[in-house]
Amino acid sequence: MEVDTILSSSQWVSAGGIALILIGFSFFVLEFFLPSFGLFGFAGAASILIGVVQLHQTGYIEEMPIDLNILIGLAVLALLGSIAGGIYTYRLYKRQMTSGVEGMIGDIGKVLEWKKTEGRVFVQGENWQAYSDEALSLKKDEEIIISKVEKMRVKIIPIGGDDENIMKKKG
């Protein structure tokens, strides 16, 4: 009977409420460092609001040096920041690759040397071995479009060829 009395006292409920508020704010800190698309933010807001409700029910919140409206305002502000961060992270996640070999498709380069179906091109500040499915008569410094990256070679299309489909893919 004595244990039940201790556990049901308002002191334990108040400590639980304070712990929930602290856990909630730590969830908001985690949200800014881990890409959880807003899940930690929602968990933090729920934790803070449950903690505030617990403190309010025990009457402990009136004794706290922090006003109830400030706590709720901070929770709402952190939740809005978490939602904004989640939306930003989602947009970055869905964005097309702009670096590496995947980002080269659709880029414009210049011919360094070319003989029938093979040669070298200059793309993104680097020299690449290039090839084409058909024999092309390209001159030095003529512009081409990268259509495919395969191993360490790029497949090219001369500008004015089938480049409209590639540019649609890129943009």
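## Close-up views of a predicted model

**View 1. Helix 3 packs against helix 4.** Helix 3 (39-58) and helix 4 (residues 68-94) pack at an angle of about 170°, and their axes lie 9 Å apart. Here axes are lines fitted to C-alpha atoms, for helices over the stretch in contact, with angles running from 0 to 180 degrees between N-to-C directions. That angle makes helix 3 roughly antiparallel to helix 4, a label for angles over 145 degrees. Helix 3 brings Gly41, Phe42, Ala45, Ile48 and Val52 to the contact, while helix 4 brings Leu68, Leu71, Ile72, Ala75, Leu79, Ser82 and Ile83. Contact means heavy atoms within 4.5 Å. Sorted by type, the residues of this contact come out as ten nonpolar, two polar and no charged. Nonpolar covers Ala, Val, Leu, Ile, Met, Phe, Trp, Tyr, Cys and Pro; charged covers Asp, Glu, Lys and Arg; the others, Gly among them, are polar. Helices (H or I, at least four residues) and strands (E, at least two) are DSSP runs, numbered from the N terminus.

*About the model.* This is a predicted model, so to speak plainly about limits: local features need pLDDT of at least 70, side-chain atom pairs count only at pLDDT 80 or more, and totals for chains, interfaces and linings use all residues. Residues are numbered from 1 along each chain as its sequence is written, and side-chain values use heavy atoms, with hydrogens and water left out.

**View 2. Phenylalanine 37 sits in a loop.** Look for phenylalanine 37 between helix 2 (10-33) and helix 3. Its C-alpha atom is 3.9 Å from that of glycine 86, although the two residues are 49 apart along the chain. Skipping neighbours within four places in sequence, phenylalanine 37 touches Glu31, Gly86, Thr89, Tyr90 and Tyr93. Phenylalanine 37 has 39% relative accessibility and counts as partly exposed (buried is under 20% relative accessible area, exposed over 50%, partly exposed in between; 1.4 Å probe, protein chains only).

View 3. Zoom in on valine 121 and, leaving out residues up to four places away in sequence, its partners include Leu112, Trp128, Ile144, Val154 and Ile156.

**View 4. Salt bridges join side chains.** The structure holds four salt bridges, each a side-chain nitrogen of Lys or Arg within 4 Å of a carboxyl oxygen of Asp or Glu. One of them pairs arginine 153 with glutamate 118 at 3.9 Å, N to O. This pair ties strand 5 (residues 153-158) to strand 2 (residues 118-123), across 35 residues of chain. Arginine 153 is partly exposed at 30% relative accessibility, as is glutamate 118 at 45%. Lysine 148 and glutamate 150 meet at 3.1 Å, and arginine 120 meets glutamate 113 at 3.8 Å. Arginine 120 is partly exposed, with a relative accessible area of 33%.

Key. Parallel < 35°, antiparallel > 145°, perpendicular 65-115°, else oblique.
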